[in-house]
Amino acid sequence: MDFNFSEDIEFLRSNVRKFVKDEVEAVAMEIEENNQIPEKIVEQSKEMGLFSLSIPEEYGGLGLDMVGKCAIYEELGKTHNGYTTLIGAHTGIGTAGLVELGTEEQKQKYLPKMATGEWIGAFALTEPSAGSNAANLKTTAVKKGDKYIINGSKHYITNAIDGHVFTVMAVTDPEKGAKGITSFIVEKDFPGFIVGNVEEKMGLKGSHSAELFFEDMEVPEENVLGEVNRGYVNALKILANGRAGLAARNLGSCEKLLEHCLSYAQEREQFGKPILEVQAIQHMLSEISMQIEALRSLTYRVAWKADQGHRVVREAAAAKLFGSEVYNKVADLAVQIHGGIGYMKEYPIERYYRDARITKIYEGTSEIQRNIIAGELIREMK
């Protein structure tokens with residue numbers, strides 16, 4: 001396995017690192033206070049091609065492989081997680097289905113505008129009765145002539161406010177259970193598409209989640225994504241393929257927290273010396289560093305295997321699980337190292353601590369990842 005990045009990736013990575021440090025970090029508290037990413041930052045992100053990471057070059061994208069995407073996600077993870085989520089949800093689950101399953105006509109219609117960021121992508125699976133049990137969907141799609149009529153609702157949908165193109169899962173054959181779900185490409189301008197309440201979250205400010213309602217929404221037959229009644233399998237595939245990317249974003253956040261911790265421990269004095277010289281603090285810093293190195297190795301190994309065409313269902317679940325567990329542990333240790341300041345909203349540590357918590361829940365809870373790992377172990381044994 002060779003994790004050396006190409007010159008092109010190193011160049012992009014360097015530019016993203018500078019952009020994150022000079023531009024995004026400068027407005028991180030503004031994002032937190034206003035729950036809005038400044039338009040200037042969004043436009044600069046478009047110009048840099050950050051919305052096009054996953055989209056093939058023939059449709060106007062950068063066409064990065066998984067290792068390349070992880071290199072960029074790692075840099076994006078070093079700043080405000082709400083901003084990172086806007087980009088990550090679009091370049092991950094928001095576009096993965098179209099790239100992997102779309103027809104040539106669908107790709108030609110949607111991907112060029114999604115590559116520029118003109119159209120933002122989102123993934124609409126979760127419902128009030130279908131969270132971890134993703135097969136328990138109530139949203140229905142009934143075929144009438146050359147259209148499907150969709151009725152139902154979704155909630156906790158990331159990019160719901162900013163999104164234009166949604167991958168929506170709906171039941172097309174109620175008798176078949178999970179084998180009767182179909183994926184659809186839905187535009188926000190379709191009649192019957194309604195954005196509901198914007199949900200107030202503990203963290204990820206600037207990344208907007210909301211309810212979606214479909215009231216006799218008409219979707220053209222040509223907007224079926226993949227095969228009819230294969231939507232649940234497609235959903236699992238889309239979610240699995242993005243898990244190394246989530247781990248990379250967590251890795252970047254952990255690295256930024258270590259940077260904050262080292263800087264503070266060097267400046268803060270107690271008992272007549274910098275707390276960096278206190279063994280208890282050194283042990284915490286050592287633990288953070290060890291966890292980061294383990295996460296980095298796992299993340300890029302899984303990304304590399306995915307690029308080689310290997311089945312990485314188990315490994316990707318492990319990366320997502322371990323990445324979220326490490327991020328939460330590192331955020332907790334960072335608060336402890338900073339003491340009272342780490343608990344104050346005017347400093348970034350408190351923000352990372354809140355943002356870390358969702359990583360154990362979204363795109364498959366930690367418990368679901370463990371189920372996947374166990375299931376794959378049993379399958380491999382048989």
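Modeller: One term before we start: a salt bridge here is a side-chain nitrogen of Lys or Arg within 4 Å of a carboxyl oxygen of Asp or Glu. Keep in mind that this is a predicted model.

Colleague: Fine. How do Lys360 and Glu325 meet?

Modeller: Their side chains form a salt bridge, at 4.0 Å from N to O. The pair links distant parts of the chain, with Lys360 in the loop between helix 12 and helix 13 and Glu325 in helix 11, 35 residues apart. Lys360 is partly exposed at 22% relative accessibility, and Glu325 is partly exposed at 27%.

Colleague: How many salt bridges does the structure hold?

Modeller: The structure holds 28. One of them joins Arg314 to Glu380, with the closest N and O atoms 3.0 Å apart. That pair also links distant parts of the chain: Arg314 is in helix 11 and Glu380 in helix 13, 66 residues apart. Arg314 is partly exposed, at 26% relative accessibility, and Glu380 is partly exposed too, at 40%.

Colleague: And what about Arg17, which partner does Arg17 have?

Modeller: Arg17 forms a salt bridge with Glu75, and the closest N and O atoms are 3.0 Å apart. Arg17 lies in helix 1 and Glu75 in helix 4, so the pair ties together parts that are 58 residues apart in sequence.

Colleague: Is Glu75 buried or exposed?

Modeller: Glu75 is buried, at 1% relative accessibility. Arg17 is partly exposed, at 39%.

Colleague: How many residues of domain 1 are in contact with domain 3?

Modeller: 25 residues of domain 1 are in contact with 29 residues of domain 3. The two domains bury about 2,200 Å² between them, 58% of it on carbon and sulfur atoms. On the domain 1 side, Met66, Glu74 and Ile93 lose the most area to domain 3, together 24% of what that side buries.

Colleague: You mentioned Ile93. What is helix 6 like?

Modeller: Helix 6 runs over residues 93–101 and is mostly covered, with 8 of its 9 residues buried. Ile93 is among the buried ones, as are Gly94 and Leu101. Asn234 lies in helix 8 and is buried, at 4% relative accessibility.

Colleague: What about helix 9, how far does helix 9 reach?

Modeller: Helix 9 has 25 residues and reaches 37 Å from its first C-alpha to its last, close to the 36 Å expected. Helix 9 is mostly covered, with 19 of its 25 residues buried.

Colleague: Last topic, the backbone. What is the phi of Phe271?

Modeller: Phe271 has a positive phi of about 55°, although it is not a glycine. Most residues other than glycine have a negative phi. Phe271 lies in the loop between strand 9 and strand 10 and is exposed, at 82% relative accessibility.

Colleague: And Leu204, buried or exposed?

Modeller: Leu204 is buried, with a relative accessible area of 7%. Its phi is near 50°, again positive in a residue other than glycine, and Leu204 lies in the loop between strand 6 and strand 7.

Technical notes
Residues numbered from 1 in each chain as written. Predicted model: local features only at pLDDT ≥ 70, side-chain atom pairs only at ≥ 80, totals over all residues. Heavy atoms only, no water. Helix = DSSP H or I, 4+ residues; strand = E, 2+ residues; numbered from the N terminus. Expected span 1.5 Å × (residues − 1). Buried < 20%, exposed > 50% of the residue type's maximum accessible area, 1.4 Å probe, protein only. Contact = heavy atoms within 4.5 Å. Buried area = accessible area lost by both parts, 1.4 Å probe.
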